[in-house]
Amino acid sequence: MSLKIRLSRGGAKKRPYYRIVVADSRSPRDGRFIERLGSYNPMVAKDHPERLTLDTERAKHWLSMGATPSDRVSRFLADADLVPARRIPRQTKKNLPGQKTLERQQAAEDAKKAAEEAAAAAAAAPAEEAPAEEVAAEEAPSA
């Protein structure tokens with residue numbers, strides 16, 4: 001049985017209130033849980049003491065039993081110095097070009113630089129006159 005320490009949503013519409021619970025990973029978000037470890041109320045001020053309540057002793061116990069915290073709960077546990085803080089990368093912006101587009105842009109820039117270098121080399125070199133073609137002397141037919 002895989003254990004998760006995660007948030008379970010409660011409260012009214014547009015007035016969320018979360019319980020921090022230990023649950024089986026297969027159970028639904030707001031469904032059955034094993035133990036309640038605390039609560040999180042995002043509607044109050046960040047410095048308010050009732051914003052986050054957490055039973056750190058029980059959290060330590062469940063972490064030692066192998067429970068894995070969700071991303072948000074791991075932030076709470078990191079603030080309480082129970083787990084090391086981990087930086088969660090933000091999702092990439094959708095308006096940035098993809099890998100292939102970047103490769104095409106790089107190839108176009110390289111081609112443009114090569115053309116500019118060739119033009120600069122041609123302008124720097126003095127215009128040389130092409131040698132006149134030598135007329136081949138007629139050879140006597142060999143008999």
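How many bridges join S3 to S4, and do the two run parallel or antiparallel?

Mentor: S3 and S4 are joined by 3 bridges, and they run antiparallel. Before going further, a word on ground rules: this is a predicted model, so local features need pLDDT of at least 70 and side-chain atom pairs count only at pLDDT 80 or more, while totals for chains, interfaces and linings use all residues. Residues are numbered from 1 along each chain as its sequence is written, and side-chain values use heavy atoms, with hydrogens and water left out. Strands (E, at least two residues) and helices (H or I, at least four) are DSSP runs numbered from the N terminus, and two strands pair if DSSP finds at least two bridges between them.

Now to S3 itself, residues 35–40. On the S4 side, Gly-38 stands opposite Leu-54. S3 also runs antiparallel to S2, and 5 bridges join that pair. There, Tyr-40 of S3 is the bridge partner of Tyr-18.

Leu-37 is the one to click on. Leaving aside neighbours within four places in sequence, Leu-37 is in contact (heavy atoms within 4.5 Å) with Ile-5, Ile-20, Thr-53, Arg-58 and Trp-62, among others.

Leu-37 is also among the residues with the most contacts inside the largest nonpolar core, alongside Ile-5, Ile-20 and Trp-62. That core has 17 residues, a nonpolar core being a set of buried Ala, Val, Leu, Ile, Met, Phe, Trp, Tyr and Cys residues joined through side-chain atoms within 4.5 Å. S1, S2, S3, H1 and H2 each give two or more residues to this core, and H2 supplies the largest share, 4 residues.

Finally, back up into the loop between S2 and S3, where you'll find Phe-33. Phe-33 counts as partly exposed because its relative accessibility is 32%. Past its neighbours within four places, Phe-33 is in contact with Arg-19, Val-21, Val-22 and Ala-23. Phe-33 and Ser-8 are 25 residues apart in sequence, and 9.1 Å apart in space, C-alpha to C-alpha.

Key
Buried < 20%, exposed > 50% of the residue type's maximum accessible area, 1.4 Å probe, protein only.
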